[in-house]
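Here is a short briefing on one protein structure. Look it over first, then work through the points below.

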Amino acid sequence: MLLQERLTQKIPAWREKVQFLRKEKAEVVIDHVHVRQVFGGMRGLKVLVSDISFVDPYKGIHFRGYTIPEILELLPKPGAGKMPYVGGLYWLLMTGDLPTEEEALSVEEEWRKRMTLPEWVKQVITAMPKDTHPMTLFSMAILAMQKESAFTRQYHAGLTKTEFWGPTLEDALTLTARIPVVAAFIYRYLYGDGTYIPPDPNLDWGANFAHMMGIDDERYQDLSRLYFILHSDHELGNASAHTAHLVASTLSDLYYAFSAAMNALAGPLHGLANQEALKWLDAAYKRYGGVPTPEQMEEYAWDTLNAGRVIPGFGHAVLRATDPRFKAFYDFGEKHLPEDDYFKMVQVAYEVIPRVLQEHGKAKNPWPNVDAVSGSLQRHFGVEPTFYTVLFGIGRSLGITAHGVWARAMMLPIERPKSLTVQRIEEAIQEAEAAVA
Ligand code: CMX
């Protein structure tokens, strides 16, 4: 397999570099811990390693050093003017190299070989009541596939630490191959007419998802590719990626780790914000009987803030500017659905809300994140809002599994930070203040 060959070439040098840093530079200080970080969700604490992606507060996400506009321009595409193959992005995340078309298609081919869903997974899904949230079904379905983990099987058969990454790559490819199939199956079970559309082996990962959803529109194929690329990764410290990293550090396999990550993604401050953002726009549309004017949007935003609630889709723990993922979706909306009322509401919100949040004075970042726009595009194609977080999860499977393979390649240990009592923190403060005095 091409991807495995490339990683086999790359891993020894990285492993050597990491081993050197861990052994020879172990005592070098690269960050200090502040009291605000201990009580403030560890914001900004530099304690994780990711060469796969990096978020610049002003320029946003970089995948292996490339910005979103660069990614959309440089990755191989199924045709002129189309969005890139998701398989090409996966190659880049995994190897750090921009793929040739052959390399991108080799990933798509691996996915094609592995995408058949076991029957029992479908039975687990259809045994559940239809008012179950799709994220619950998604997480359960991933866990239902765990018995197929190559890593767990080979680990118990006797695998040495240096070999861990190989079967983890196997799991990564099988899991990511099946993720869109599972997701579309859940969608059609909950919201469809009871029929399931099998995958089409002639289509690429993104287009195949559109096909299995039953949305036969080339624009939706392109939106799917774009959606999964934009949601693929956002450093290692975000709640879902970090959950997966923590779980996998115990040598749990990627099925356990990714299922756990989806439980973190299901929270309204994280992945569920895309569903919440659409619901928030929906309520504005109903309240004003159509697209609100800027004045009405401002009134509506203040009512939300005065009720002590957050405006979903705005703000970010790391970003301090408009999210470039928001910008890429916004461009898609302007090109393909400028007359859509919900997209028009996104435009009004973008015009008004950053100023309102600045006046409100709490949020460190008043600018929109990816969730402020993604739902309006999905809604245009008839996708139910409660499903939007699953779409986020499909994309996130790419970054999480790539991180999983590299954590094994670098032979990182189990995570175990230290907790302190409040009394010990107070003592540490006194010691620090006495030292200054
Ligand atoms: N609306 C109203 N208030 C907001 C706000 C928003 N969109 N964003 C931040 N604030 C508030 C916070 O609630 C916090 O208030 P308190 O001091 O009363 O607790 C204050 O501003 C400071 O928060 P912050 O440091 O700017 O933001 P955090 O790093 O704590 O949180 C985030 C980041 C994303 C959770 C927050 O901005 C938020 O809740 N946004 C709305 C939900 C959302 O869009 N989430 C999706 C994030 C994208 C992703 O998951 O990738």
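Which residue in β2 is the bridge partner of F54? The partner is H62. Keep in mind that this is a predicted model. The briefing covers a strand pair, a pocket and a ligand site.

**The strand pair**
- Strand β1 spans residues 53-56, and strand β2 spans residues 60-63.
- The two strands run antiparallel, and four bridges join them.
- A hairpin of three residues leads from β1 to β2.

**The second largest pocket**
- The second largest pocket holds about 320 Å³ of space.
- Its lining has 17 residues, and L72, M83, A328, D331 and F332 are the closest to its centre.
- Helices α3 (68-74), α11 (218-230) and α16 (324-336) each give two or more residues to this lining.
- The largest share comes from α16, with seven residues.
- By class, the lining has nine nonpolar, six charged and two polar residues.

**The ligand site**
- The ligand has 19 residues around it, and H270, G313, F314, K362 and K364 come nearest.
- This shell divides into ten nonpolar, five polar and four charged residues.
- H270 also places a polar side-chain atom 2.8 Å from an oxygen atom of the ligand.
- For N369, a polar side-chain atom lies 3.0 Å from a ligand oxygen atom.
- For R43, an N or O atom of the side chain is 3.1 Å from an oxygen atom of the ligand.
- The ligand taken alone exposes 890 Å², and the protein buries 76% of that.

How values were computed:
Residues numbered from 1 in each chain as written. Predicted model: local features only at pLDDT ≥ 70, side-chain atom pairs only at ≥ 80, totals over all residues. Heavy atoms only, no water. Pairing = 2+ DSSP bridges. 1 Å grid on protein atoms, 1.4 Å probe; cavity = no way out; pocket = protein on both sides within 12 Å on 5 of 7 lines; lining within 4 Å. Points joined across faces, edges and corners; volume = space filled by probe spheres on them. Nonpolar A, V, L, I, M, F, W, Y, C, P; charged D, E, K, R; others polar. Near = heavy atom within 4 Å. Polar contact = N/O pair within 3.5 Å; in protein donor to acceptor, adjacent residues only side chain to side chain. Areas by Shrake-Rupley, 256 points an atom, 1.4 Å probe, with all protein chains shown as cover.
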